[in-house]
Amino acid sequence: MSARRVYLLPLIAVSLSIASCTGDHRNIKHISLVGAGASFPAPLYERWLSDYNQKNPNVEINYQAIGSSAGVQQLIEGTVDFAASDVGITSEQAAKIKRGVIALPITAGSIVLAYNLRQVAQQSPQVNVPNTLRLPRQVYVDIFLGKITNWNHPTIAVANPGVSLPNLPIQVVHRTDGSGTTSVLTQHLSAISPEWKRKLGAGKSVAWQVGIGGKGNEGVTALIQQIPGAIGYVEYVYAKQNKLPVAALENKSGNYITPTPKSVAQTLEAVKLPDNNLIAFITDPTDAQSYPVVTYSWLLTYHQYPNRVKAQVLKNFVDWVVIEGQKSSLELGYIPLSKKVVLQVQSAVNKIAE
């Protein structure tokens, strides 16, 4: 894949079968499911649907990566069979769904700060920029606040001894759509910066004071690739697939941590998912080796389905995802669910259509 190719996933439409459905459902010839939501897990969903299709060829599942906010709204309106969200669902939103809702943590990953200094380094021999710049906590807060505006700012230089940074404006790139990725990042920024919490706060959409916007993880990735001096936040797999360098972020212990499977899993170990809704976050992990911006991504289903065959097909798919599907996680840049979380998901999914 070329460095300029973006992981696009406007629509996944794959035929899946219900051969594994039990009893009276075996004679069903064809059924369709529709889902929509987060772009964070979309590349993994694409792989899952492709792999599942090879074993089950007779059910059509469409998934649109339109952002967590839009996905949850469609679930509330009843226009989809399931949704995906990187922040689960709030109790206020859940109360609007008469059929009930079940939140299933289905995968996990990190949100990274990807940047574009490659072109400048290639054009200026005196510039020496590593693939992993160190960014102190206050520095990346101030970049997104618009207070640090140039790459050769002294506080960046001090954190990166021996690095020759370019005299180049910083161009912040952020999301324009309602995004779980934005919510997770801004929860972290609010946790580490009273100024950020006071001025912008946390949410799927915030009033950015600086920068330009792109739609979805893929839109932000494309802009970072196109703009020399850009920096933006994306789910790790988008940076990985497009070969964008990502920053090592200073965590609460003062260590600079890159988003590796080990450092992300270290953060997830401290997340305790309550049995009543399986939704929880750690906005500023304390472990010395934890990467600081990590989240689960949730698949949201209804509690009740008028069509019980749809309910059974969705249960079959989730059961496959939490066992077989997890084997694709590390390859793509996601983190497999722990055995404990798998058991929690299996217990929760059994409540569908009760």
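1. A residue is called buried when its relative accessible area is under 20%, exposed when it is over 50%, and partly exposed in between, with a 1.4 Å probe and protein chains only. By this criterion, 59% of the 354 residues of the protein are buried.

2. The model under review is predicted: local features need pLDDT of at least 70, side-chain atom pairs count only at pLDDT 80 or more, and totals for chains, interfaces and linings use all residues. Residues are numbered from 1 along each chain as its sequence is written, and side-chain values use heavy atoms, with hydrogens and water left out.

3. The protein contains 14 helices and twelve strands. These elements are DSSP runs numbered from the N terminus, helices being H or I of at least four residues and strands E of at least two. Taking a contact as heavy atoms within 4.5 Å, one finds that, of the contacts between residues at least 6 apart in sequence, 78% join residues at least 24 apart. The protein exposes about 14500 Å², of which carbon and sulfur atoms supply 50%; accessible areas come from the Shrake-Rupley method with a 1.4 Å probe, and for residues only the protein chains shown count as cover.

4. Strand β12 (residues 294–302) deserves attention. Nine of its nine residues are buried, so β12 is largely enclosed by the rest of the structure. Both of its faces are covered: Val-294, Tyr-296, Trp-298, Leu-300 and Tyr-302 are buried on one side, and Thr-295, Ser-297, Leu-299 and Thr-301 on the other.

5. The partners of β12 come next. Strands of a sheet pair through backbone hydrogen bonds, either parallel or antiparallel; here two strands are said to pair if DSSP finds at least two bridges between them. β12 runs antiparallel to β5, with nine bridges joining them, and Leu-104 stands opposite Leu-299 of β12. Strand β4 (residues 82–85) is also antiparallel to β12, through four bridges, and Phe-82 has Thr-301 of β12 as its bridge partner.

6. Two further pairings are parallel. Strand β2 (residues 31–37) is mostly covered, with five of its seven residues buried. Seven bridges link β2 in the parallel sense to strand β3 (residues 59–65), and Gly-35 stands opposite Tyr-63 of β3. Strand β10 (residues 248–250) pairs with β6 in the parallel sense over two bridges; the bridge partner of Arg-134 in β10 is Ala-248.

7. An open sheet of three strands has the order β6-β10-β11, with mixed pairing. β6 (134–135) and β11 (256–257) stand at its edges with a single partner strand each, so one side of each is left without a neighbour in the sheet.

8. Which residues lie closest to the centre of the largest pocket? A pocket is found on a 1 Å grid over the protein atoms alone, as an open set of points where a 1.4 Å probe fits, with protein on both sides within 12 Å along at least five of seven lines; lining residues have an atom within 4 Å of a point. The volume of the largest pocket is about 260 Å³, a volume being the space filled by probe spheres set on the points, which are joined across faces, edges and corners. Its lining has 14 residues, and those closest to the centre are Leu-268, Glu-269, Tyr-296, Ser-338 and Val-341. The elements giving two or more residues to this lining are α11 (261–269) and α14 (339–349). By class, the lining holds nine nonpolar, two polar and three charged residues, where Ala, Val, Leu, Ile, Met, Phe, Trp, Tyr, Cys and Pro count as nonpolar, Asp, Glu, Lys and Arg as charged, and the others, Gly among them, as polar.

9. The second largest pocket holds about 200 Å³ of space. Among its 14 lining residues, Val-101, Ile-102, Ala-103, Asn-276 and Asn-277 lie nearest the centre. At least two lining residues come from each of α3 (91–95) and β5 (101–115), and β5 gives the most, with three. This lining divides into eight nonpolar, four polar and two charged residues.

10. Two helix residues complete the note. Thr-221 lies in helix α9 (residues 216–226) and is buried, with a relative accessible area of 0%. Thr-221 and Glu-235 are 14 residues apart in sequence and 9.4 Å apart in space, C-alpha to C-alpha. Ser-183, in helix α7 (residues 180–192), is buried at a relative accessible area of 9%. Apart from its neighbours within four places in sequence, Ser-183 is in contact with Val-87, Gly-203 and Lys-204.
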